[in-house]
Amino acid sequence: YYIDGKQVTLDPEGTFLTARLFLDMLKDTRVDAVGGLTLGADPIAASMAAISYVEDNPIKAFIVRKTPKKHGMQRYIEGPNLDSSSRVAIVDDVVTTGGSILKAIEVVEKQGCKVVKVLAIVDRLEGARENLAEKGYRLVSLFTRNDLLRM
């Protein structure tokens, strides 16, 4: 099954609802920044940052590149500086094996950040939850593939 998360995260209502639900999932966790591997995480993180600002509880957004930029600052992470005191949430639209999330985690942890939440809109139930659990992370998703098949 092909699940196109961008149909949700690039839609005005979809991106608002996703950001609102993810922010609710973070309400009991101190998070300084939110982001993930480009492209799935980009609209989610940006929407969450905007809404968090409006709600007077600003959370920064960041983007993890797939490879470091070849020129300029040659960064892996774009956005406000993250440091060893940063507590971050990693987000994605659709997860399959968890490879994109694990790549984002690896990059932000090399910066010294602490990953405190891992969120996705849809878990395709193809190993992501288990692969992340093996590394000590708990994936929380709004929906699974099975939920979508029942709709």
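Helices (H or I, at least four residues) and strands (E, at least two) are DSSP runs numbered from the N terminus, and two strands count as paired if DSSP finds at least two bridges between them.

A quick word on what you're looking at: this is a predicted model, where local features need pLDDT of at least 70 and side-chain atom pairs count only at pLDDT 80 or more, while totals for chains, interfaces and linings use all residues. Residues are numbered from 1 along each chain as its sequence is written, and side-chain values use heavy atoms, with hydrogens and water left out.

Now zoom out to the sheet. Its 6 strands make an open sheet in the order β3-β2-β1-β4-β5-β6, with mixed pairing. At the edges sit β3 (77-78) and β6, each pairing on one side only. Helix α2 (residues 12-25) packs on the sheet and touches β4, β5 and β6, its direction making about 140° with that of β5. Helix α3 (residues 42-54) packs on the sheet too, touching β1, β2, β4 and β5, and its direction makes about 170° with that of β2. Those axes are lines fitted to C-alpha atoms, for helices over the stretch in contact, with angles from 0 to 180 degrees between N-to-C directions; contact here means heavy atoms within 4.5 Å.

Next, β4. In strand β4 (residues 87-95), 8 of the 9 residues are buried, so the strand is largely enclosed by the rest of the structure; buried means under 20% relative accessible area, exposed over 50%, and partly exposed in between (1.4 Å probe, protein chains only). Strand β1 (residues 33-37) runs parallel to β4, joined to it by 3 bridges. Alanine 33 stands opposite valine 88 there, and glycine 35 has isoleucine 90 as its bridge partner. With β5, β4 pairs in the parallel sense over 8 bridges, and valine 94 is partnered by valine 122.

Beyond its neighbours within four places in sequence, valine 108 contacts several residues, including Phe62, Ile77, Val88 and Val115.

Finally, tyrosine 137, in the loop between α5 and β6. Tyrosine 137 is buried, with a relative accessible area of 15%. The side chains of tyrosine 137 and glutamate 109 are joined by a polar contact of 2.3 Å, that is, a pair of N or O atoms within 3.5 Å; within protein, one must be able to donate a hydrogen and the other to accept it, and residues adjacent in sequence count only if both atoms are side-chain atoms.
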